Amino acid sequence: NCFIPMPFRKSAKILLKNESKLDNYVFYEINSTLGDKHDENMLYFHSYWRRENPTQPRRDMEILPKISGKGRFLGCHLGIRQNPSTNNFWWGEGEFKVYLDGDEALPTLCGTGTEDYIGAGYGQGLFDHLYQGNHYLSEQGKGDPFFRDAHGFYRFHIPDPIYFYADIRVTIQVMGGGSFEKFMECMDKDPNIQFMKTGDGTAYYTKKDLEQNPKTETTVERIDDYCATAYWYMDKPENGLKTIACFDERIKDLDQVR
C-alpha cells in the first residue's frame, strides 16, 4: 500500500492500462476531496520511468533527466540487470548524484556507492524498510547476493528532503569493484570486453597489465541494464520530459529474468 497526496486545481484522471496479452484482475479504491482551495505554493506530484539497456561508459545513468521548476525530489525505485559477461564481480560502486539549481560539471549532492545510497553499506541482500530497501533478487546467479543477476531497490527522501528552486537532474554511476583476476575471467569469457583505466578515457587495461598485478583490486566502469522510476513534486503539472517508452521497449529481454 502506498499513500501520497496528489493535489489538483481543475481536474484529475487516473488510468490503469493492461498492455500485456494476459488477463489481469485488479481491485482499487480512490479517495479524493473536492472544493479544496490551493494557494500558489501548492505542488503537483510527478513520476517518470526510464531504462538504459545497455548503459554507456563514462555516462551516468539518468534517474531523472534535467527538469526546470521549483519543487522537492522524493526518491526513486531502481533496477539493475547485470551484463552476463561481467557478473562475476560486484556491480554496485556507482555514486548517486543530484545536480541542483544550475549545477553543471559537479553535483551539489554526491554519495559514496550504490549500496550506501539505500543504507545497506555492504552488498545488497533482501531487506525492506520504510524509506529504503532491496526488495528483489533474481534467482539466477550465485547464492551470494553480490552476484545475483538482477536487483530491485529503492530510496525515499522523506526525513532527508531534497529541494530545488530552479532545476534538478539526478543520476547514478554504473561502476563496480573487483580484482584483476576477475577482470581476466571476464576478458577470457568475452574478448570484446574492455575495462577503462582512470584518466581521460582513452586507455584500457590489457591482459598483460592484469597478469602483472594479479592481486590488485580496483573500481571500473561497467555496462549493465538499468531502469529507474523517479518521484517528485514541482510547481507545474507538466515537466517537459519525453513520453514513456513503448511497451516492447520497456520489457525488452526481460523474459530472461524469472
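Me: Which residue of β8 stands opposite Arg 81?

Reply: Strand β3 (residues 71-81) runs antiparallel to β8 and is joined to it by 7 bridges; strands are DSSP runs of E with at least two residues, helices are runs of H or I with at least four, both numbered from the N terminus, and two strands pair if DSSP finds at least two bridges between them. The model is a predicted one, in which local features need pLDDT of at least 70 and side-chain atom pairs count only at pLDDT 80 or more, whereas totals for chains, interfaces and linings use all residues. Residues are numbered from 1 along each chain as its sequence is written, and side-chain values use heavy atoms, with hydrogens and water left out. In β8, the residue opposite Arg 81 is Ala 150.

Me: And which residue in β8 is the bridge partner of Gln 132?

Reply: Strand β8 is also joined by 5 bridges to strand β7 (residues 132-137), and these two strands run antiparallel. Within that pairing, the partner of Gln 132 is Arg 155.

Me: How many of the 7 residues of strand β8 are buried?

Reply: A residue is buried under 20% relative accessible area, exposed over 50% and partly exposed in between, using a 1.4 Å probe and protein chains only. Strand β8 covers residues 150-156 and is largely enclosed by the rest of the structure, because the number of its 7 residues that are buried is 6.

Me: Which strands stand at the edges of the open sheet, each with a single partner strand?

Reply: The open sheet has 4 strands in the order β2-β10-β4-β5, with antiparallel pairing. Each edge strand has a single partner, so one of its sides is left without a neighbour in the sheet, and the two strands so placed are β2 (61-68) and β5 (109-110).

Me: In β10, what is the bridge partner of Phe 96?

Reply: Strand β10 (residues 167-172) is largely enclosed by the rest of the structure, because 5 of its 6 residues are buried. With β4 it runs antiparallel, and 5 bridges join the two. The residue of β10 that bridges to Phe 96 is Ile 172.

Me: In β10, which residue is the bridge partner of Ser 68?

Reply: Here the pairing is that of β2 with β10, which run antiparallel and are joined by 5 bridges. The partner of Ser 68 is Asp 167.

Me: How far apart in space are Thr 108 and Val 98, C-alpha to C-alpha?

Reply: Strand β4 (residues 96-100) and β5 run antiparallel with 2 bridges between them, and Val 98 stands opposite Leu 109 in β5. Thr 108 lies in the loop between β4 and β5, where it is partly exposed at 48% relative accessibility. Leaving aside neighbours within four places in sequence, Thr 108 is in contact (heavy atoms within 4.5 Å) with Val 98, Leu 100 and Asp 103. Thr 108 and Val 98 are 10 residues apart in sequence, and their distance in space is 6.1 Å.

Me: Is Met 184 buried or exposed?

Reply: Met 184 lies in helix α2 (residues 180-189). Not counting residues up to four places away in sequence, Met 184 touches Lys 207, Leu 210 and Glu 211. Its relative accessibility is 16%, and Met 184 therefore counts as buried.

Me: Which cysteine holds the sulfur closest to that of Cys 110?

Reply: A disulfide is taken as a pair of cysteine sulfur atoms within 2.5 Å, and by this rule the count is 0. Cys 110 is partly exposed, with a relative accessible area of 43%, whereas Cys 186 is buried at 0%. For Cys 110 the closest cysteine sulfur is 14 Å away, too far for a bond, and belongs to Cys 76.

Me: Taking the chain as a whole, what share of its accessible surface belongs to carbon and sulfur atoms?

Reply: The chain has 4 helices and 13 strands, and its C-alpha atoms fill a box of roughly 70 × 45 × 30 Å along the principal axes. Buried residues make up 41% of its 258 residues, and among contacts between residues at least 6 apart in sequence, 75% join residues at least 24 apart. The accessible surface, from the Shrake-Rupley method with a 1.4 Å probe and, for residues, only the protein chains shown as cover, comes to about 15,900 Å², and the share belonging to carbon and sulfur atoms is 51%.
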